[in-house]
Amino acid sequence: MFRWGSKSATVLAAAGALVASAPAQAHGRDGSVVREWTDLAFASVRGNNLSDAGAARLYAMVDAAMYDAVNATGRGPERESAIVQAPKRAGGDPSAAAAGAAHDVLAALFPAQIGTYDGQLASDLAAVPSRWQAERGRNYGARVASQVLSARANDGSSPDDKQLGDPAIGKFQDPWSGVQFRNLAPFVIANPSVYVGPGPPPLDSPAYAAAFKVVKELGSDTPADPEKRATYDYWALGGKTNQPPGAWLQVAEEVSARRHLRLAETARLFALESMAMADTVAPTYMTKFVYHSWRPKRAIREAAADANPQTDPDPGWNPRAGTAGGTPENWSGHSSFSSAAATVLAGFFCDDHVPFTLTTDPTNGILTGTRSYDSFSSAAAQAGLSRILGGLHFPFSNEQGADAGRAVGDEVLRRALLREHGPAHDRSCPR
């Protein structure tokens with residue numbers, strides 16, 4: 001819970017000292033405050049080496065907190081809350097409310113970085129022309145953050161049922177296996193278990209043999225193939241990156257800035273997208289640990305054990321990724337995250353064919369460059385393909401993950417952050 005004491009007074013005093021030089025305009029109405037704090041969440045994910053699942057949960061907490069803080073100020077259309085049920089017209093500056101909410105979520109989870117967060121908060125508050133409005137908004141954001149942290153404190157994200165990033169622990173618990181994320185409570189969807197996939201085809205089936213041959217050919221590290229290598233590296237997004245959910249929020253950053261979305265719209269976009277990606281986590285890990293299927297590296301090397309006459313073992317086969325992968329194979333998390341995000345983006349903008357450019361984080365120091373896409377779905381398709389090119393997943397795991405991600409994204413659009421009055425949707429397009 002935020003308390004207005006000496007530390008908070010120091011932050012506001014620093015902000016007040018800058019007010020005189022701040023431009024006399026409504027700061028953050030263009031959504032920049034949401035992008036700034038999402039960038040700080042990226043840095044926290046990178047610096048603390050979170051997994052894709054841990055990153056997705058964090059982004060959803062930060063972005064939902066910002067949305068609820070902005071939504072309650074009553075400056076935009078009245079919409080349902082994400083997590084915090086609060087009276088509308090809470091008052092205060094909405095950008096200050098968003099900054100306060102994001103600050104307190106991140107500061108509670110990553111206390112070692114509080115100096116960075118305090119500096120950004122001071123800058124955001126200083127840009128608000130009215131000190132009183134800045135203080136009121138910041139205080140309401142603190143209320144929202146406290147309730148978000150409480151709501152997610154026992155959400156099944158860690159083995160001991162303590163909050164992932166419990167302030168009492170002072171650090172994130174993010175074991176590499178991801179097994180605990182089977183139990184992650186959803187932000188929006190009603191029942192994660194309904195999305196559990198059908199699993200891989202039988203090992204002795206023609207469908208399995210066909211998928212085996214595809215990944216054996218496309219995902220091998222020999223012969224060298226610069227184009228396949230570049231596509232795999234671009235979407236690798238491994239340790240110490242902002243992870244696949246972060247890359248897709250970068251897409252939201254680029255498009256929302258180029259389209260000059262207002263603050264309320266930007267906050268809603270980011271909350272919808274991040275909650276959809278977080279809600280793919282439990283189905284993805286449920287499916288992985290229900291079937292516990294083998295990765296291509298072992299499957300190809302030990303094909304003699306699969307009782308399939310159409311698969312030939314290759315004891316020397318290596319995946320282009322250089323690793324077998326750290327969790328069970330079916331399905332691909334990259335595919336489910338990417339399709340969930342692409343579905344929400346297309347639904348929000350009422351158009352899949354929105355061009356954008358993206359520079360992904362380098363994995364293991366490998367520079368990825370910038371790529372341009374003409375639609376959200378084409379980027380999601382390439383993200384899924386990259387896991388086959390890396391020799392990490394079979395084609396059926398890419399397809400099943402993509403199907404589930406699209407379904408989760410559709411449910412989030414149907415259920416979350418709707419208008420309280422009047423028509424909410426036209427088919428899958430939120431209004």
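The structure is a predicted model, in which local features need pLDDT of at least 70 and side-chain atom pairs count only at pLDDT 80 or more, while totals for chains, interfaces and linings use all residues. Residues are numbered from 1 along each chain as its sequence is written, and side-chain values use heavy atoms, with hydrogens and water left out. The chain has 15 helices and 4 strands, where helices (H or I, at least four residues) and strands (E, at least two) are DSSP runs numbered from the N terminus.

**Overall make-up**

- Of the 431 residues in the chain, 59% are buried, a term that stands for under 20% relative accessible area, with exposed meaning over 50% and partly exposed the range in between (1.4 Å probe, protein chains only).
- The chain has an accessible surface of about 16,600 Å², and carbon and sulfur atoms account for 52% of that surface; such areas come from the Shrake-Rupley method with a 1.4 Å probe, and for residues only the protein chains shown count as cover.
- When contacts between residues at least 6 apart in sequence are considered, 78% of them join residues at least 24 apart, a contact being heavy atoms within 4.5 Å.

- Helix 2, which covers residues 32-47, has 16 residues and reaches 23 Å from its first C-alpha to its last, close to the 22 Å expected at 1.5 Å a residue; the expected span is 1.5 Å times one less than the number of residues.
- The buried residues of helix 2 include Val33, Trp37, Leu40, Phe42 and Val45, and what covers the buried residues of this helix includes helix 3 (52-71), helix 4 (94-109), helix 5 (114-126), helix 9 (243-258) and helix 10 (263-278).
- Asn49, which follows helix 2, has a positive phi, near 55°.
- For helix 10, the end C-alpha atoms are 22 Å apart, which agrees with the 22 Å that its 16 residues should span at 1.5 Å a residue.
- Helix 10 is largely enclosed by the rest of the structure, because 14 of its 16 residues are buried.

**Backbone features in loops**

- The peptide bond from Thr222 to Pro223 is cis, with omega near -5°, and Pro223 is placed in the loop between helix 7 (206-218) and helix 8.
- A cis peptide bond also runs from Asn330 to Trp331, with omega near 10°, and Trp331 is found in the loop between helix 12 (296-301) and helix 13.
- Lys240 is not a glycine, yet its phi is positive at about 65°; this residue is in the loop between helix 8 and helix 9 and is exposed, with a relative accessible area of 60%.
- His260, likewise not a glycine, has a positive phi of about 55°; its place is in the loop between helix 9 and helix 10, where His260 is exposed, with a relative accessible area of 65%.

**Individual residues and their surroundings**

- Val148, found in helix 6, is buried, with a relative accessible area of 0%, and, leaving aside neighbours within four places in sequence, is in contact with Met61, Ala65, Ile83 and Val84.
- Val148 and Ala65 are 83 residues apart in sequence, and their C-alpha atoms are 6.5 Å apart in space.
- Thr231, placed in helix 8, is buried, with a relative accessible area of 8%, and its contacts beyond four places in sequence are with Arg371, Gln382, Ser386 and Leu389.
- Asn191 lies in the loop between helix 6 (131-151) and helix 7 and is partly exposed, with a relative accessible area of 34%; its C-alpha is separated by 9.7 Å from that of Ala282, 91 residues apart along the chain.

**The largest pocket**

- About 830 Å³ of space lies in the largest pocket, where a volume is the space filled by probe spheres set on grid points joined across faces, edges and corners.
- On a 1 Å grid over the protein atoms alone, a pocket is an open set of points where a 1.4 Å probe fits, with protein on both sides within 12 Å along at least five of seven lines, and lining residues have an atom within 4 Å of a point.
- The largest pocket is lined by 34 residues, of which Leu237, Gly238, Gly239, Gly326 and Arg387 lie nearest its centre.
- Helix 8 (226-236), helix 9, helix 11 (281-291) and helix 13 (333-349) each supply at least two lining residues, and the largest share, 4 residues, comes from helix 8.
- The lining divides into 11 nonpolar, 16 polar and 7 charged residues; Ala, Val, Leu, Ile, Met, Phe, Trp, Tyr, Cys and Pro count as nonpolar, Asp, Glu, Lys and Arg as charged, and the others, Gly among them, as polar.
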